[in-house]
Amino acid sequence: MEILYAPWRTQYSTAKPAPNTDLLNSCVFCAHFVLKDDDEQNFILKRFEHSVVMLNLHPYNAGHLLILPYEHKSSLEQLSLPIRTELMEALNTSIGILNEVLRCSGINMGLNLGKASGGSIPEHIHFHVIPRWLGDTNFLAVAAHTKQVSINLREIYDMLKVSFAKI
């Protein structure tokens with residue numbers, strides 16, 4: 001299998017928190033997205049009381065969203081019922097917006113719990129919401145084991161932000 005070289009992802013997937021450090025130094029979500037004020041720079045589409053919806057900076061497909069709680073927890077059972085409920089509502093709302101704005105043919109939604117599940121940031125729970133279109137995979141994945149994602153994050157952000165701002 002060929003590997004698409006993306007060295008900038010290493011800092012997110014291999015960073016190990018130092019013992020007894022604050023979350024700003026140990027969690028990429030807390031440090032760069034959740035606790036910062038510049039939503040546009042960080043591609044944050046909507047802040048709710050307990051959670052946030054943002055574009056994935058390393059998308060699998062155009063419009064790939066991440067939905068995560070502000071609380072730094074690694075599993076659903078660690079979150080309170082109001083937070084879990086809000087996450088589900090944010091997921092539902094996001095799916096509606098993706099369908100309306102991007103006119104996708106389907107959606108993959110997932111939650112990786114723990115490192116063994118494939119989660120690259122297992123210490124801060126987050127949902128993936130990935131728009132899909134018929135034919136969005138092609139021969140590259142089979143012949144070259146490479147996934148092409150041709151999107152402009154700023155354009156997708158601007159398109160989706162209009163709908164998220166109405167909530």
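Biologist: Which backbone oxygen does the side chain of Asn42 reach?

Modeller: That of Asp38, at 3.0 Å. A polar contact is a pair of N or O atoms within 3.5 Å; within protein, one must be able to donate a hydrogen and the other to accept it, and residues adjacent in sequence count only if both atoms are side-chain atoms. This is a predicted model: local features need pLDDT of at least 70, side-chain atom pairs count only at pLDDT 80 or more, and totals for chains, interfaces and linings use all residues. Residues are numbered from 1 along each chain as its sequence is written, and side-chain values use heavy atoms, leaving out hydrogens and water.

Biologist: Why is Asn42 called buried?

Modeller: Its relative accessibility is 11%. Buried means under 20% relative accessible area, exposed over 50%, and partly exposed in between (1.4 Å probe, protein chains only). So Asn42 counts as buried. Asn42 sits in the loop between helix 3 (28–34) and strand 1 (44–47). Helices (H or I, at least four residues) and strands (E, at least two) are DSSP runs, numbered from the N terminus.

Biologist: What makes Phe43 buried?

Modeller: Phe43 has 12% relative accessibility, so it counts as buried. Phe43 is also in the loop between helix 3 and strand 1. Its phi is positive, about 60°, although Phe43 is not a glycine.

Biologist: Is Arg103 buried or exposed?

Modeller: Arg103 has a relative accessible area of 65%, so it is exposed. Arg103 lies in the loop between helix 4 and strand 4 (106–111). Phi of Arg103 is positive too, near 50°.

Biologist: Why is Ile151 called partly exposed?

Modeller: The relative accessible area of Ile151 is 28%, so the label is partly exposed. Ile151 belongs to the loop between helix 5 (139–144) and helix 6. Ile151 and Pro59 are 92 residues apart in sequence, yet 9.1 Å apart in space, C-alpha to C-alpha.

Biologist: Why are helix 4 and helix 6 called oblique to each other?

Modeller: The axes of helix 4 (residues 81–102) and helix 6 (residues 153–165) cross at roughly 120° and come within 10 Å. Axes are lines fitted to C-alpha atoms, for helices over the stretch in contact, and angles run from 0 to 180 degrees between N-to-C directions. Angles under 35 degrees count as roughly parallel, over 145 as roughly antiparallel, 65 to 115 as roughly perpendicular and the rest as oblique. Helix 4 and helix 6 are therefore oblique.
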